[in-house]
2 protein chains.
Amino acid sequence: MADVATPPRRSRITPEREAELYEAVLDLLREVGYESLTMDAVAARTRSSKATLYRQWGGKPELVARALRHNKPVCLADIDTGSLRGDLMEMVALQDDCKMEQDHALMRGLFHAIHDNPELHQALRQLLVEPEITGLNALLRRAVERGEIAADNPALEYVVHMLIGGFAARELVEDRAVDQAFLAKYIDAAILPALGV
Amino acid sequence: MADVATPPRRSRITPEREAELYEAVLDLLREVGYESLTMDAVAARTRSSKATLYRQWGGKPELVARALRHNKPVCLADIDTGSLRGDLMEMVALQDDCKMEQDHALMRGLFHAIHDNPELHQALRQLLVEPEITGLNALLRRAVERGEIAADNPALEYVVHMLIGGFAARELVEDRAVDQAFLAKYIDAAILPALGV
């Protein structure tokens with residue numbers, strides 16, 4: 001498996017063409033799911049050669065992980081408003097409600113697939129999960145440096161678990177898709193108090 | 001769809017026979033998943049007639065939901081240790097680590113199936129989700145009555161989201177299955193502080 005943390009060689013592919021290709025991969029993922037998605041279908045849908053796809057991305061897990069990363073609307077690392085609450089609310093504001101539902105449908109299918117596909121799991125961790133955790137940790141570290149949170153606050157290492165709970169539980173508990181208003185309330189009512197903010 | 005909140009008529013089925021049948025349903029679920037599970041396969045595996053299965057349970061969603069409920073090791077409603085922390089730790093202690101992993105594998109498959117099967121979704125909500133939320137709310141209400149939590153604490157309605165985050169996130173974030181030690185730490189570090197306890 002290629003090291004997906006290294007950007008692919010872009011040789012003759014323009015950014016527009018790359019974006020078009022990622023959109024096609026995500027459309028196929030929504031239509032048929034990860035298991036049934038083939039490099040043949042991606043090549044046909046995007047009028048590319050399979051050889052190009054393999055040369056640029058290495059394989060299906062890497063191509064899917066890159067397409068998901070391209071789709072992801074939020075990059076926590078770029079957020080820096082000057083306060084922890086401001087940073088977390090900015091994270092929520094940057095989520096587009098419609099995209100969140102789409103992502104949720106995608107992630108549901110992938111959550112199932114990663115257990116039979118260690119390469120997909122590794123690609124998703126490297127490209128989607130770890131950068132967000134790194135971004136979140138940077139945001140929390142700045143809050144500690146500003147004196148908003150005590151450096152030894154035990155809740156610090158569980159902020160990501162609490163956030164994921166907000167995303168995952170609403171559908172299960174309330175039978176409704178997560179949205180910006182819910183996440184903002186959840187952050188104010190549960191996450192900031194857990195951190196003593 | 002039959003009202004799954006009402007226990008099935010038990011006519012001539014002994015509790016031992018019922019348990020044996022539920023175990024067979026869960027084994028089949030683990031082997032083939034919800035979609036591919038048929039009442040024919042359940043009848044064959046358990047040497048029952050399909051007519052009996054339908055008469056007793058009404059249909060596949062209800063039978064699967066009852067089998068899952070039977071399997072569930074914890075019933076929050078029965079826990080009452082006299083303190084909120086005691087109750088939550090008792091909840092953790094009653095989880096058997098091995099069973100948690102098995103449940104996780106089962107729930108992963110079902111999480112996917114519920115989106116195409118409204119009847120399964122409704123049966124799981126009625127038999128698994130709602131009783132646990134009711135049990136958790138009773139436990140929290142007692143903590144409010146004892147004066148451990150302010151009645152208007154805004155985190156009260158998000159305890160279930162935080163708990164689900166603990167279960168769901170660990171695999172994603174740390175690549176490890178959830179266990180009792182992790183849950184106990186998470187409750188002490190994040191959930192109790194969010195509640196001001």
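The legends below describe close-up views of a predicted model. Local features require pLDDT of at least 70 and side-chain atom pairs pLDDT 80 or more, whereas totals for chains, interfaces and linings use all residues; side-chain values use heavy atoms, with hydrogens and water left out. Residues are numbered from 1 along each chain as its sequence is written, and chains are lettered from A in the order in which they are written.

**View 1. The interface of chain B and chain A.** In this interface, 32 residues of chain B are in contact with 32 residues of chain A, contact meaning heavy atoms within 4.5 Å. About 3200 Å² is buried between the two chains, and carbon and sulfur atoms give 71% of this area. Buried area is the accessible area (1.4 Å probe) that two parts lose on being put together, summed over both. Two or more residues each on the side of chain B that touches chain A come from α6 (97-113), α7 (118-145), α8 (159-174) and α9 (180-194) of chain B. Helices here are DSSP runs (H or I, at least four residues), numbered from the N terminus. The largest share of this side, 11 residues, belongs to α8(B).

**View 2. The crossing of helices α2 and α3 in chain A.** The axes of α2(A) (residues 39-46) and α3(A) (residues 50-57) come within 9 Å and cross at roughly 110°. The two helices are therefore roughly perpendicular, a term for angles of 65 to 115 degrees. Axes are lines fitted to C-alpha atoms over the stretch in contact, and angles run from 0 to 180 degrees between N-to-C directions. M39(A), D40(A), V42(A) and A43(A) of α2(A) meet K50(A), L53(A) and Y54(A) of α3(A).

**View 3. The salt bridge of D80(A) and R142(A)**. A salt bridge places a side-chain nitrogen of Lys or Arg within 4 Å of a carboxyl oxygen of Asp or Glu; here the N to O distance is 3.2 Å. D80(A) lies in the loop between α4 (60-71) and α5 (84-93) of chain A and R142(A) in α7(A) (residues 118-145), so the pair ties together parts 62 residues apart in sequence.

**View 4. The salt bridge of R85(A) and D188(A)**. The closest N and O atoms are 2.7 Å apart. This pair links α5(A), which holds R85(A), with α9(A) (residues 180-194), which holds D188(A), across 103 residues.

Note on methods
Parallel < 35°, antiparallel > 145°, perpendicular 65-115°, else oblique.
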